[in-house]
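Biologist: I would like to go through this model with you, one region at a time. Could you begin with the sheet?

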Amino acid sequence: MKWIIKSVNEISKKDKELCLSFMSDSRKEYINGFLSDERKEVSIVAEFLTKKLVSEFLNTSIDKIEILRSETGKPYIKNNTAYISISYSGRYIAVAVNDTPIGIDIEVIKEKDLKLIDKIFSSDDVSIIRRSKNKLLDFYKIWTAKEAYFKFSEKSYNEIKETPYTALSPVHYCENGTVISIIK
């Protein structure tokens, strides 16, 4: 497994242009459809980081990597069985690649009203948050673990909601005001 977390601000203009040069016309058209310039930039950088990480993982040239999307939007590598997962929040991007299914999620920690957690989490998850000394951090750990599990498994929202956080075995990283969860 390989994974990377970067801020859009850490990627040079040259690297962004390099990614655009390797990007398919259909992907460029898709990204140009975004209204926000920030969303366009994040998508370009996510594509670049994914191709760079996959090229390192597969020990091949970055220009040989083609990222496609399934009908559900899940990214995959053309003509390869390696698995990828991509996430972004704010100006941060997280990408993971593995030879078995993988899910990654990143969230920038922001203040949240936690009154409605019982609507989005299982009763076990709600209990963990309510008993926690750091409710906000535990909220984000559970949230990112569930999102990573969704990318890993492609199960439905209801199945994921009812799957207890304690059954997921996520790996968490907390840095630069973000929470990252990986499920493999």
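Modeller: This is a predicted model. Three of its strands form an open, antiparallel sheet in the order β6-β8-β7.

Biologist: Which strands stand at the edges?

Modeller: The edge strands are β6 (103-108) and β7 (171-175). Each has a single partner strand, so one side of each is left without a neighbour in the sheet. From one strand to the next, the twist averages 15°.

Biologist: How many bridges pair β6 with β8?

Modeller: Six bridges pair β6 with β8 (residues 178-183), in the antiparallel sense. Within this pairing, Ile106 has Ile180 in β8 as its bridge partner.

Biologist: Which helix packs on that sheet?

Modeller: Helix α6 (residues 135-153) does, and α6 touches β6, β7 and β8. The direction of α6 makes about 145° with that of β6.

Biologist: Let us turn to β4. Is β4 mostly covered or uncovered?

Modeller: Strand β4 (residues 83-89) is mostly covered, with five of its seven residues buried.

Biologist: And what joins β4 to β5?

Modeller: Seven bridges join β4 to β5 (residues 92-98), and these two strands run antiparallel. Tyr88 stands opposite Ile93 in β5. The hairpin of β4 and β5 has two residues between the strands, and Gly90 takes a positive phi near 60° there.

Biologist: Now the helices. At what angle do α2 and α3 pack?

Modeller: Helix α2 (residues 25-32) and helix α3 (residues 37-58) pack at about 150°, and their axes are 9 Å apart. An angle over 145 degrees counts as roughly antiparallel, and α2 and α3 are therefore roughly antiparallel to each other.

Biologist: Which residues meet in that contact?

Modeller: From α2, Arg27, Ile31 and Asn32 meet Lys40, Ser43, Ile44 and Glu47 of α3. By class, the contact comprises two nonpolar, two polar and three charged residues.

Biologist: What does Lys119 touch, leaving out residues up to four places away in sequence?

Modeller: With those residues not counted, Lys119 touches Tyr157 and Lys161. Lys119 and Lys161 are 42 residues apart in sequence, while their C-alpha atoms are 9.1 Å apart in space.

Terms used
Residues are numbered from 1 along each chain as its sequence is written. This is a predicted model: local features need pLDDT of at least 70, side-chain atom pairs count only at pLDDT 80 or more; totals for chains, interfaces and linings use all residues. Side-chain values use heavy atoms; hydrogens and water are left out. Axes are lines fitted to C-alpha atoms, for helices over the stretch in contact, and angles run from 0 to 180 degrees between N-to-C directions. Helices (H or I, at least four residues) and strands (E, at least two) are DSSP runs, numbered from the N terminus. Angles under 35 degrees count as roughly parallel, over 145 as roughly antiparallel, 65 to 115 as roughly perpendicular and the rest as oblique. Contact means heavy atoms within 4.5 Å. Ala, Val, Leu, Ile, Met, Phe, Trp, Tyr, Cys and Pro count as nonpolar, Asp, Glu, Lys and Arg as charged, and the others, Gly among them, as polar. Buried means under 20% relative accessible area, exposed over 50%, partly exposed in between (1.4 Å probe, protein chains only). Two strands pair if DSSP finds at least two bridges between them.
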